[in-house]
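Biologist: I have a new model to read. Can you take me through the terms, one by one?

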Amino acid sequence: MTDFTVYTLDNAPEQSKALLQKSISAFGRLPSLHAVMAEAPGLLEGYQQLHQLFLNSSFDNDEKTVVWQTINVENNCHYCVPAHTAIAKAMGVSDEISNALRDETPLPTAKLEALRTFALAMMRQRGFVEDDKVQAFLDAGFTQRQVLEVVLGLAQKVMSNYTNHLAKTPMDSAFSKYEWHKKGA
């Protein structure tokens, strides 16, 4: 088993120090995920950039949360599901939406459910989504831009979910109250 280093500002690779400082400035602390990603400065920088780009997407906060958590839950990410539960709370997303995503139960609106269905199709089918599924997403009120923004969210979450799987990233105390385990896993 490989033990990955959870870096601090003091012992991080030189190229990662400014990136870690950026994380501390944004979150008020150093998330363990970022501390692990510091091993590969390009990964950390790419993750930070994709995160900001997805935050600036045309999705509202509920929709961003649906994309993020759908992928986190599907990938059984022990770290990202609790982290994004806390992030959703900070973004004003209802517990009803968060719990439905965490528990894989129906979302409160057909539009949000269409987004989850499409994000799952994109992930499970590796982008080879049938035209009728794309059309159903568009018919639910989404745009072609948002089809592609799901790809952006998926790319961001692959980076974090896979890093957490490999590194067994330790849970931040700020997220521990939202601990999560996939049903049936």
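Modeller: Start with the second largest pocket. This is a predicted model. The lining of that pocket divides into five nonpolar, two polar and three charged residues.

Biologist: Which residues line the second largest pocket?

Modeller: They are E74, N75, M122, M123, R124, R126, G127, L154, V158 and Y162. Two helices, α7 (110-124) and α9 (144-167), each supply at least two residues of that lining. The volume of the second largest pocket is about 180 Å³.

Biologist: How do you find empty space at all?

Modeller: Rolling a probe the size of a water molecule over the atoms shows where empty space is left.

Biologist: What is the volume of the largest pocket?

Modeller: About 360 Å³. The largest pocket is lined by 22 residues. Nearest its centre lie F27, P31, H34, Y47 and H51. The elements giving two or more residues to this lining are α1 (14-27), α2 (32-37), α3 (41-55) and α5 (80-90).

Biologist: Which element gives the largest share of that lining, and what classes are found there?

Modeller: α5 gives the largest share, six residues. By class, the lining of the largest pocket has 13 nonpolar, six polar and three charged residues.

Biologist: Now the core. What makes a set of residues a nonpolar core?

Modeller: The members must be buried nonpolar residues, joined through side-chain atoms within 4.5 Å. The largest such core here has 45 residues. L115 and V150 touch the most other members. The helices α1, α2, α3, α4 (61-74), α5, α6 (95-103), α7 and α9 each supply at least two of its residues. α7 gives the most, with seven.

Biologist: Which residues does L115 contact, leaving aside neighbours within four places in sequence?

Modeller: L115 is in contact with F59, E63, V66, V67, F137, F142 and V150.

Biologist: Are C77 and C80 buried or exposed?

Modeller: Buried means under 20% relative accessible area. C77 has 0%, so C77 is buried. C80 has 2%, so C80 is buried too.

Biologist: Why is T169 called buried?

Modeller: Its relative accessibility is 2%. The cut-off is under 20%, so T169 counts as buried. T169 sits in the segment after α9. Leaving aside neighbours within four places in sequence, T169 is in contact with S32, L33, V36, H78, Y79, T163 and N164.

Biologist: How do you know that S98 is buried?

Modeller: S98 has 4% relative accessibility, so S98 counts as buried. The place of S98 is in helix α6. S98 touches A88 and V93, not counting residues up to four places away in sequence.

Biologist: Which other residues of α6 are buried, and what covers them?

Modeller: Besides S98, the buried residues of α6 are I97, A100, L101 and R102. The cover over the buried residues of α6 includes α4, α5 and α7.

Biologist: What comes just after α6?

Modeller: E104, with a positive phi of about 55 degrees. E104 is not a glycine. Its place is the loop between α6 and α7.

Biologist: Why is E104 called partly exposed?

Modeller: Partly exposed runs between the buried limit of 20% and the exposed limit of 50%. E104 has a relative accessible area of 40%, so E104 is partly exposed.

Biologist: And what of N76?

Modeller: Phi of N76 is near 55 degrees, a positive value in a residue other than glycine. N76 lies in the loop between α4 and α5. N76 has 33% relative accessibility, so N76 counts as partly exposed.

Note on methods:
Residues numbered from 1 in each chain as written. Predicted model: local features only at pLDDT ≥ 70, side-chain atom pairs only at ≥ 80, totals over all residues. Heavy atoms only, no water. 1 Å grid on protein atoms, 1.4 Å probe; cavity = no way out; pocket = protein on both sides within 12 Å on 5 of 7 lines; lining within 4 Å. Points joined across faces, edges and corners; volume = space filled by probe spheres on them. Helix = DSSP H or I, 4+ residues; strand = E, 2+ residues; numbered from the N terminus. Nonpolar A, V, L, I, M, F, W, Y, C, P; charged D, E, K, R; others polar. Buried < 20%, exposed > 50% of the residue type's maximum accessible area, 1.4 Å probe, protein only. Contact = heavy atoms within 4.5 Å.
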